[in-house]
Amino acid sequence: MVSLVISLACGAFAADPAISQVTVRQRWPWNKLVDIDYMLTAELGEKVDVSLQAYDGQTELTLPFASLTGDLYGVGPGPRRIVWDPTATSYTNNRALTQFNVRLTVVTNPPLYMIVDLTRSAGESGQIEYVYEEDVTNGLWGAWVRNPVTNFGTVVESVVWTGVTTNDTYKTDKLVLRRVHAGTFGLGPSAISTTLTKDFYAGVFELTQGQWYRIMNTGSLSAYPQFAVSYNAIRGATNDIPAVNWPATKYLVTATNFVGHLRSKTGLSTFDLPTCAQWEYLARAGTTSYFNDGASTSASDTNILNRLAWWSKNSGGASHVVGEKEPNAWGLYDTLGGLLEAGLDWSGGAITGEPDPMGLMTGIRRQFRGGCYGSPGTEYCSVTSIQNAAAPDEVSNYRGFRVILLLP
Amino acid sequence: MRHAFVSALTRMRKTGVLFLLIVVLGGAWSVGNTTSPVLVDTSSRATRRWMTVYTNDVPLTWDWPLGASSVTLSITGLSGAVSTNFSGVASNLLWKVFASGVSPSEDLYELRLTFYTNGTTVVESLTSRLAVVSGALGAISVDTGAESRTWEKVKGNVLIPYDACWTNSTADPVSSQLVIAKTEGATQTNALADASGYFGWKLVRSDWGYGTFDLFLTFPGADAEWDAVLTRLLDGTMIRLQ
């Protein structure tokens, strides 16, 4: 209590976010989870990431991403908790860590991008690489642009690494994801205020055939988007054992399907499809326009859509390599064209304004979002379009998907 | 700042936990009528944080209520108790929670500050619980094995954590209950006035003895229940007679 008073008193004058009062304790005798409690002092509304280093005595431990949940990303001030599951760390199984301790550090400039090397195994050196804004703007990663989008006169603050499109490695062997911060936006045609409470990373491209090949070992190393894959083939079916049925079974997926393989291959257990709300949030990227350019007001803005997306009038009736059109404000490509993108949700249901909407509990068809190279009209390619849905086992050359990595 | 303490005390009283007013020596009062904004946690689930000791030096400071001429500070832990009387102008004490240079053993202390008018009439009484938790002061032991042989063993006094935030229940419990039932022995039901904290289970020099204990933790208003089985062995050996 005294320490709390001290930190609060200091916090009134501190400019930089700080962590104090770190307590580590296993939930003995109830279970083996370990609570890592801390106090984050920061400006109201300020969000930071927290870096965790763990040790057994002086020996640093590598804690798998999947073993940590709680307040690690986009954390605001106040009492916070990270939960570590030591049983999820195979290398520590069946032994005790006698001198377990942690070091928490505030990360005020979280990575802008995360690159997962799909040719490497989980935990292998170099498997995961982070790209920071200052590295991008210092030119270390090639071409980039600042604030490429203005939303009806207001700058959408952003740095976009455009150089990601020039090297096919990032479209085949590697999976590049853009950090998307939690926030509130207008969801649906009526722009009902909706809050997403968790940060996540979103694939900058629709998943390509090359990336599918690296995960599933079928197909080819191509930079074209993966198509003709059913919703069930991506994450599992209701008649699988155990049944996979968003949102009833939440983030459970079938281990032998794509997302299951992606999780096991990368060691990142929170890969999934986006919910429709997450999809619309990442597609909008801070804009409120008809398309996600920040200026369009109706389906008649055909020239704008031509810059952003492959659709029937400019695609030649064929799919194209990802990343050839302009990105949105957050550097995400082909959101409104190319292929329709699978969302987690069942089709239908009302937008209520609830936070983190998950869609209907039951349904017949799964919702696909955005437009595709075969979309017959611009209205099929708007940010809010929900005109395409399909049975979970249905496949189509027009349908693909984009993955996200949820942050705990 | 002073107002914040009063608010905090009011909130704690509301949740059924009385906390001793502990103020940083030297104070943090600012000049003028208003203070800079500070973070005040009003969650009833954050008791564990409020009661955890983060340093060996705990400065205790108190204001004298009107009419009080002496005060008794009693500090009762799982292993013993001390009591100190103050009179006159004394209004603070730097409490050394554990000896310097040694690894602190986990303990739960109840601090009680009782003000008297003339040595017998109580003017006011304030209490606080402070927990010494190893993991707030240094490294701890973490059992990672799925089938650990030591997990269910208990030897001496222990702190048992409880926290409503462990559950995904939509309820918002403000209290907890811990039941300890000895096989073929006594059952103790502990109603805990908060939803998050530590329970100090005094085994040494208690009537519990040795044997197997079933523990049940519940949070009124939430449907989650936690249970555990612990065994206290005599001198670490068990002789089975047939």
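In which loop of chain B is B:T167 found? In this predicted model, B:T167 lies in the loop that runs between strand 8 (158-163) and strand 9 (176-182) of chain B. The relative accessibility of B:T167 is 11%, and because buried means under 20%, this residue counts as buried. The side chain of B:T167 reaches the backbone oxygen of B:A164 at a distance of 3.0 Å. When residues up to four places away in sequence are not counted, B:T167 touches B:F219, B:A224 and B:W226.

Chain A was examined by domain. The domain assignment divides chain A into domain 1 (18-95 + 103-107) and domain 2 (113-406). Taken over C-alpha atoms, the centres of domain 1 and domain 2 of chain A are separated by 30 Å. At the interface, five residues of domain 1 of chain A are in contact with eight residues of domain 2 of chain A. The two domains of chain A bury about 520 Å² between them, and carbon and sulfur atoms give 55% of this area. On the side of domain 1 of chain A, the residues that lose the most area to domain 2 are A:F65, A:A66 and A:Y73, which together make up 71% of what that side buries.

Polar interactions across the same interface were also counted. The rule finds one salt bridge between domain 1 and domain 2 of chain A. A salt bridge joins the side chains of A:R179 and A:D49, with an N to O distance of 2.8 Å. One residue pair in polar contact, with both residues at pLDDT 80 or more, is found across the interface of domain 1 and domain 2 of chain A.

In soluble globular proteins, nonpolar side chains tend to be buried together. The largest nonpolar core has 33 residues, of which A:Y113, A:W161, A:V164, A:V176 and A:F200 touch the most other members. Several elements of chain A each supply at least two residues of this core, among them strand 8 (113-117), strand 14 (174-180), strand 17 (200-203) and helix 6 (276-284). Helix 6 of chain A gives the largest share of the core, three residues. A second, separate core consists of 31 residues, including A:I234, A:L262, A:L344 and A:F368.

The surroundings of one member of the largest core, A:V164, were listed in turn. With neighbours within four places in sequence left aside, A:V164 is in contact with A:Y170, A:K171, A:V176, A:V204, A:F205 and A:Y333.

Conventions:
Residues are numbered from 1 along each chain as its sequence is written. Chains are lettered from A and ligands numbered from 1 in the order in which they are written. This is a predicted model: local features need pLDDT of at least 70, side-chain atom pairs count only at pLDDT 80 or more; totals for chains, interfaces and linings use all residues. Side-chain values use heavy atoms; hydrogens and water are left out. A nonpolar core is a set of buried Ala, Val, Leu, Ile, Met, Phe, Trp, Tyr and Cys residues joined through side-chain atoms within 4.5 Å. Buried means under 20% relative accessible area, exposed over 50%, partly exposed in between (1.4 Å probe, protein chains only). Helices (H or I, at least four residues) and strands (E, at least two) are DSSP runs, numbered from the N terminus. Contact means heavy atoms within 4.5 Å. Domain bounds come from an automatic or database domain assignment. Buried area is the accessible area (1.4 Å probe) that two parts lose on being put together, summed over both. A salt bridge is a side-chain nitrogen of Lys or Arg within 4 Å of a carboxyl oxygen of Asp or Glu. A polar contact is a pair of N or O atoms within 3.5 Å; within protein, one must be able to donate a hydrogen and the other to accept it, and residues adjacent in sequence count only if both atoms are side-chain atoms.
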